[in-house]
Amino acid sequence: MAYVLLLVGFGLLIKGADLFVDGSSNIARLLRVPPILIGLTIVAFGTSSPEATVSIIAALHGNAEVSLGNVVGSNIFNVTLVVGIAAFLYPLMVESETTKKEIPFILLASGALLVLVSDTRLQGFSDNFLTRGDGIIFLLFLSIFMYYVIEVGMKSRNTSAQEPIPTDIKWGKNILLTLLGLGAIIFGGDLVVDNGTEIAYTLGMSDTLVGLTIIAIGTSLPELVTSISAALKKESGIALGNVVGSNIFNILFVLGSSAVITPLPVNGKIFVDVMIMIALSLLLFLFSRTNYKIGKIEGFILLTMYIIYLVYIILRN
């Protein structure tokens with residue numbers, strides 16, 4: 001029964017995120033918010049909402065390893081499998097602003113995470129914790145990122161304001177879609193945490209491994225679906241921007257909110273995964289600097305990296 005409920009939870013997460021993104025994106029169009037602002041905020045937040053819900057609920061239930069492992073595992077999944085598949089389907093053209101500011105912001109957030117969870121090494125404490133103070137620091141970083149995005153978005157507001165709004169986009173319908181999507185995400189997240197943890201104990205898996213694999217992959221499916229769809233439509237900016245924005249939100253908003261709700265104890269195994277996440281983000285940065293394009297070869301390399309990582313964490317458990 002737990003497996004069935006886990007699948008139901010994943011289904012609700014995926015469909016809920018889909019409704020949330022559609023509804024909130026249309027509301028943004030009604031408000032005449034520039035497209036770049038939609039991509040880096042609403043779409044990124046929408047596809048990151050499953051991670052947020054699962055990690056926050058896990059934190060409330062005392063499953064800190066699931067909460068942290070979910071974010072780190074999701075970011076690794078996004079950088080490798082999501083970008084890899086999208087690039088394999090259609091070469092992703094990278095704008096200069098993405099390589100200069102947005103991908104480096106992922107590296108900054110990831111580096112901050114590594115520093116803030118290294119209490120025993122840096123401060124001589126007996127245990128490692130992501131404290132409420134650390135969570136507030138992440139949320140402050142998020143406010144800086146949001147300020148940057150809004151500033152960039154406002155520069156193109158005049159162009160966006162001139163575009164006509166389709167007559168089939170209505171306020172009531174899209175508010176309803178957004179609320180239904182959010183409800184499905186919250187309920188689905190609860191099912192995933194409860195049943196994923198139950199299955200983990202049955203199989204003898206640690207909470208960290210479950211967070212890094214089953215839950216991380218499940219909550220990253222919205223990013224995967226969005227980026228594959230964008231790549232097939234040759235919208236490389238959306239395909240890559242979705243991943244970049246989601247990874248930033250995952251660390252700064254998801255972990256920041258989770259830590260503010262309750263301090264998160266840190267399992268020693270997660271340090272290796274955080275360093276792998278930083279290394280893979282750096283690899284994405286280097287690939288994006290190569291002719292400002294991530295092609296099939298780079299996509300294949302990223303896919304291979306995820307397979308190697310998956311084998312490693314399964315054997316490590």
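Let's start at Leu31, which is partly exposed, with a relative accessible area of 46% (buried means under 20%, exposed over 50%, partly exposed in between, with a 1.4 Å probe and protein chains only). This is a predicted model, where local features need pLDDT of at least 70, side-chain atom pairs count only at pLDDT 80 or more, and totals for chains, interfaces and linings use all residues. Residues are numbered from 1 along each chain as its sequence is written, and side-chain values use heavy atoms, leaving out hydrogens and water.

Leu31 sits in the loop between helix 1 and helix 2 (35-60); helices here are DSSP runs of H or I, at least four residues, and strands are E runs of at least two, numbered from the N terminus. The expected span is 1.5 Å times one less than the number of residues. Helix 1 is followed by Arg32, with a positive phi near 60 degrees.

Now over to helix 8 (residues 171-203). Its 33 residues reach 47 Å from first C-alpha to last, close to the expected 48 Å. Gly204 follows helix 8 and has a positive phi too, near 75 degrees.

Finally, the UniProt record (an unreviewed entry) places "transmembrane region" at several stretches, including 76-93 and 270-287; such annotations may be inferred rather than shown by experiment, feature names are shortened, and positions follow the numbering used here. Residues 76-93 are 78% helix and 11% strand, with end C-alpha atoms 21 Å apart. Residues 270-287 are 100% helix and 0% strand, and their end C-alpha atoms lie 25 Å apart.
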